[in-house]
Amino acid sequence: MSKFLCRPWFSQKWLFLLFLILCAFPLSAQPEVQPLPGPLSGSSASQGTAGIPAPGGGMIPFIDLTVRNPENSQEVAFSLQLLLLLTILSLAPSIIILMTSFLRISIVLDFIKRALSLQQVPPNQVIMGISLFLTFFIMWPTFDLVYQNSFRPLSQGAINVEQAYREAEGPMRLFMFRQMQGTSGRDNILLFMAMRGLDRPVSPADVPTYVLIPAFILSELTKAFWIGIYLFIPFIVIDMVVASALMSMGMIMLPPVMISMPFKLILFVMVDGWRLLTDQLVRSFN
């Protein structure tokens with residue numbers, strides 16, 4: 001009997017019958033569908049209709065998204081404000097990366113990671129997270145001004161969208177101008193003004209925002225690379241000393257990075273490198 005049950009054709013047959021039973025059971029267990037009340041409740045319209053569950057039955061609520069013509073000017077203004085909000089949200093990553101302190105912080109942290117000869121520690125997600133929260137810490141006064149002068153009056157209906165944009169643009173421009181003090185910042189502004197064929201600005205108000213943003217990006221890149229060069233110098237000295245020691249001992253095949261990396265980590269931890277680096281980064285924006 002056991003040999004009979006173990007035959008392949010027997011097991012496949014019973015599995016197929018079991019599959020048919022399981023497929024037919026939910027169909028027989030479905031409740032009877034009641035036709036919708038109204039003029040379509042007759043015998044000709046009873047087929048193809050589904051019953052509507054009673055309210056409070058624990059079902060997922062129905063969401064209706066309709067598109068219609070606006071009835072008054074307030075609805076038109078609301079539609080434009082919603083479109084503007086969606087546009088700002090789509091550009092928010094670029095605004096945070098290029099118009100705040102995020103650019104300089106992220107580049108400097110990547111430089112210190114490479115100077116320590118670290119490949120996977122800390123991960124890039126951690127580097128980006130640290131840069132993001134340090135950006136919030138540094139930019140909080142500017143963001144607070146934007147909220148108090150632009151977003152909050154706009155939500156209360158005290159100002160329109162154009163006035164809100166002007167109020168939000170002022171603190172951001174002030175922050176970028178403060179970070180571009182010096183000869184290099186002025187040269188970047190003059191470079192982009194000349195590329196657009198504009199006259200030499202007399203005051204910061206004469207610099208358009210579309211000129212100020214690329215000039216600020218170049219200035220931040222220059223400062224971040226200068227900080228990275230200063231960070232690389234002590235670690236390069238350690239690499240040179242270790243490489244010279246290995247060459248003098250005849251260990252040519254041994255990679256110097258394997259020996260120098262622990263010494264660089266010990267030096268970085270002993271001087272409390274993360275605290276010093278964070279302190280100097282924050283102070284560089286004051």
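1. Ser 106 has a relative accessibility of 11% and therefore counts as buried, since the cut-off for that class is under 20%. Please keep in mind that the model is predicted. Ser 106 belongs to helix H4, which covers residues 102–115, and a polar atom of its side chain lies 2.9 Å from the backbone oxygen of Phe 102. When neighbours within four places in sequence are left aside, the residues in contact with Ser 106 are Ile 127, Met 128 and Ser 131.

2. The helix that carries Ser 106 also packs with helix H10 (residues 273–283), the axes of H4 and H10 being 11 Å apart at an angle of about 155°. Because angles over 145 degrees count as roughly antiparallel, that is how H4 and H10 are classed, and their crossing is right-handed. From H4, the contact is made by Ile 105, Val 108, Leu 109 and Ile 112, and from H10 by Trp 274, Leu 277 and Leu 281; by class these are seven nonpolar residues, with no polar and no charged ones.

3. A further pair is helix H7 (residues 183–195) and helix H8 (residues 209–248), whose axes come within 9 Å and cross at roughly 135°, so that H7 and H8 are oblique to each other. The crossing of H7 and H8 is right-handed. Asn 188, Ile 189, Phe 192 and Met 193 of H7 make the contact with Val 211, Pro 214, Ala 215, Leu 218 and Ser 219 of H8, and by class this contact has seven nonpolar and two polar residues but no charged ones.

Terms used: Residues are numbered from 1 along each chain as its sequence is written. This is a predicted model: local features need pLDDT of at least 70, side-chain atom pairs count only at pLDDT 80 or more; totals for chains, interfaces and linings use all residues. Side-chain values use heavy atoms; hydrogens and water are left out. Axes are lines fitted to C-alpha atoms, for helices over the stretch in contact, and angles run from 0 to 180 degrees between N-to-C directions. Helices (H or I, at least four residues) and strands (E, at least two) are DSSP runs, numbered from the N terminus. Angles under 35 degrees count as roughly parallel, over 145 as roughly antiparallel, 65 to 115 as roughly perpendicular and the rest as oblique. A crossing is left-handed if the near helix is turned anticlockwise from the far one by less than a right angle, and right-handed if clockwise. Contact means heavy atoms within 4.5 Å. Ala, Val, Leu, Ile, Met, Phe, Trp, Tyr, Cys and Pro count as nonpolar, Asp, Glu, Lys and Arg as charged, and the others, Gly among them, as polar. Buried means under 20% relative accessible area, exposed over 50%, partly exposed in between (1.4 Å probe, protein chains only). A polar contact is a pair of N or O atoms within 3.5 Å; within protein, one must be able to donate a hydrogen and the other to accept it, and residues adjacent in sequence count only if both atoms are side-chain atoms.
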